[in-house]
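Q: I'd like to learn how to read helix packing in a model like this one. Let's take it step by step, please.

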Amino acid sequence: MKQNMVKKVLACLLTATMTVGLSACGGSDGNNSGDAGRISSDQVKEDNQAADDGSSDSKDTTESTKKTEYPLTITTYGRDGAEYTMTYEKAPEKVAAVYQGSVETLLALGLEDRIVATAGLDNEVPDDQKAAFSKTDYLDEFTPSKETMTMLEPDMIFSWVSLFDEDNLGSPDEWIQKGTNVYINTNTAVKEDSLENEYNDILNIGKIFDVQGRAEEIVNQMKETVEHVKTLAEEQEEKPSVMVVESMNDTFTNYGAASIAGDMVTQLGASLANPDASTVGKEDILAADPDVIFVVYMPYTGDDPETVKQENLDKILEDEAFQSLSAVKNDRVVPIMLSEMYASATRTQDGIETIAKGLYPDLDLNE
C-alpha cells in the first residue's frame with residue numbers, strides 16, 4: 001500500500017526552491033522539478049515547438065450528443081481528505097494549468113484557447129500537443145506564486161494538491177472565496193490512488209468545459225486497453241508476480257495496491273508480490289523474488305532520458321545482491337516513467353501499455 005512517504009517525496013520534489021538541490025528529497029542526480037539545475041522557461045518553449053510537418057495538432061474534432069448543462073456542480077479533493085464543491089456557471093475561459101498532467105489534459109481536450117497560463121513542465125509535451133502548447137503563455141516560474149496567479153486573474157486553477165499552499169499557489173479556500181474555482185488531481189490528494197480516479201478527473205474536466213465526447217474517447221481507450229489485455233492474459237497458465245520500485249538511496253519506494261501502478265498490475269491480470277509496504281529494502285525484494293520488476297525513473301528537463309533510465313535500471317541489474325532474482329536472470333526488469341503511473345492524467349494510457357508489455361512480452365497486444 002502506498003503510504004504518505006511517496007506523496008511527501010513528490011511534494012518535496014515539486015516544491016523545491018531554486019536554491020534547494022535534489023539531494024534534499026533523496027532523489028537521483030538528475031535535474032529536479034524547480035531546482036537550480038532546471039533549464040530556463042525559454043528552453044522549455046523551444047523544446048516544445050511543433051514540427052513543421054503538420055503532425056502536431058491536438059484540436060478536438062470529436063462531437064458528442066452529451067452536452068454539459070450549467071450550472072454544473074463538481075467536487076474536488078484537497079489535503080487530508082478535504083472536499084471542495086464548486087459550481088460552474090459556464091465553461092472557464094481563463095484557466096491556469098500548473099504541472100505536466102494538468103497542462104496535457106487540457107491540451108488533449110483541445111482547450112488551449114481557454115488557458116491563460118501554463119507552468120511546471122518536467123518533460124516535453126507529446127508531439128501532437130506541441131502546436132497547441134505553443135499558443136499558451138508558459139511562465140518563467142516553475143511553480144507560480146500566489147501573487148503571480150492573482151495578476152493572471154484566472155477563473156479556474158488546475159494543479160496538484162501539494163502546490164495549493166501559502167508558499168506556492170495559495171490555498172483552495174482563498175481562491176474559492178475570490179470566485180475562482182480550483183480542480184485538484186485526485187490521486188495527489190487521496191490516500192489510495194487508482195486508475196478510476198484518473199478516469200474521473202479527465203471526465204470531470206470534459207464536463208466542466210463541455211467537451212465530454214473527447215474526454216470519454218480518451219478514457220474509453222484506456223479502459224478498452226485494460227480489458228483487451230486482461231482477456232489475452234486469461235490464456236496464460238500463471239499470473240506473474242510483480243514489484244514496482246523506485247530507488248531512494250538505501251531503500252526503495254514500493255508502489256503497492258494503493259498506487260496507480262499497483263492498480264494497473266492487478267487490473268491487467270498479474271499479482272503484487274508485496275502489496276502493502278510503502279518502502280522496502282534489498283532483503284524484502286530478495287524475499288519476494290517477483291517474476292517481473294518495474295523500475296521507476298523520471299528524467300527532468302535538461303536530463304538525457306536514456307541515461308536516467310539506465311542509471312535506475314542498473315540499481316537492480318548491477319547490484320551483486322540482486323543477481324539471484326528471477327527477474328534479473330530472466331531479463332524481466334522493466335523501466336517505467338513516473339509520469340506514466342503517478343498522477344498520470346492522459347499519460348495513463350502509456351503506463352497501461354508499458355505495464356502490459358512488461359507483464360506479457362510474448363503477447364501481441366495489438367491483435
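A: Start with handedness: a crossing is left-handed if the near helix is turned anticlockwise from the far one by less than a right angle, and right-handed if clockwise. In this structure, H7 and H8 cross in a left-handed way. This is a predicted model, where local features need pLDDT of at least 70 and side-chain atom pairs pLDDT 80 or more, while totals for chains, interfaces and linings use all residues. Numbering runs from 1 along each chain as its sequence is written, and side-chain values use heavy atoms, leaving out hydrogens and water.

Q: How many helices and strands does the protein have?
A: There are 13 helices and 12 strands, taken as DSSP runs numbered from the N terminus (helices are H or I with at least four residues, strands E with at least two). Of the 367 residues, 57% are buried (under 20% relative accessible area with a 1.4 Å probe and protein chains only; over 50% is exposed, in between partly exposed).

Q: At what angle do the axes of H7 and H8 cross?
A: Two packed helices are described by the angle between their axes and the distance between the axes. Axes are lines fitted to C-alpha atoms, for helices over the stretch in contact, with angles from 0 to 180 degrees between N-to-C directions. For H7 (residues 195-208) and H8 (residues 212-233), the axes come within 7 Å and cross at roughly 165°. H7 is therefore roughly antiparallel to H8 (over 145 degrees; under 35 is roughly parallel, 65 to 115 roughly perpendicular, the rest oblique).

Q: Which residues of H7 make the contact with H8?
A: Contact means heavy atoms within 4.5 Å. Tyr199, Ile202, Leu203, Gly206 and Lys207 do it from the H7 side, and their partners in H8 include Ile218, Val219 and Met222.

Q: What about H9: how do its axis and that of H7 cross?
A: The two axes come within 8 Å and cross at roughly 110°, so H7 and H9 are roughly perpendicular. Leu195, Glu196 and Glu198 of H7 meet Ile260, Asp263, Met264 and Gln267 of H9. That set has 3 nonpolar, 1 polar and 3 charged residues.

Q: Is Thr186 buried or exposed?
A: Thr186 is buried, at 7% relative accessible area. You'll find Thr186 in the loop between strand E6 (181-184) and H7. Its side chain makes a polar contact of 2.7 Å with that of Asp201 (N or O atoms within 3.5 Å; within protein, one able to donate a hydrogen and the other to accept it, with sequence neighbours counted only if both atoms are side-chain atoms). Leaving aside residues up to four places away in sequence, Thr186 touches Tyr77, Asn197 and Asp201.

Methods. Ala, Val, Leu, Ile, Met, Phe, Trp, Tyr, Cys and Pro count as nonpolar, Asp, Glu, Lys and Arg as charged, and the others, Gly among them, as polar.
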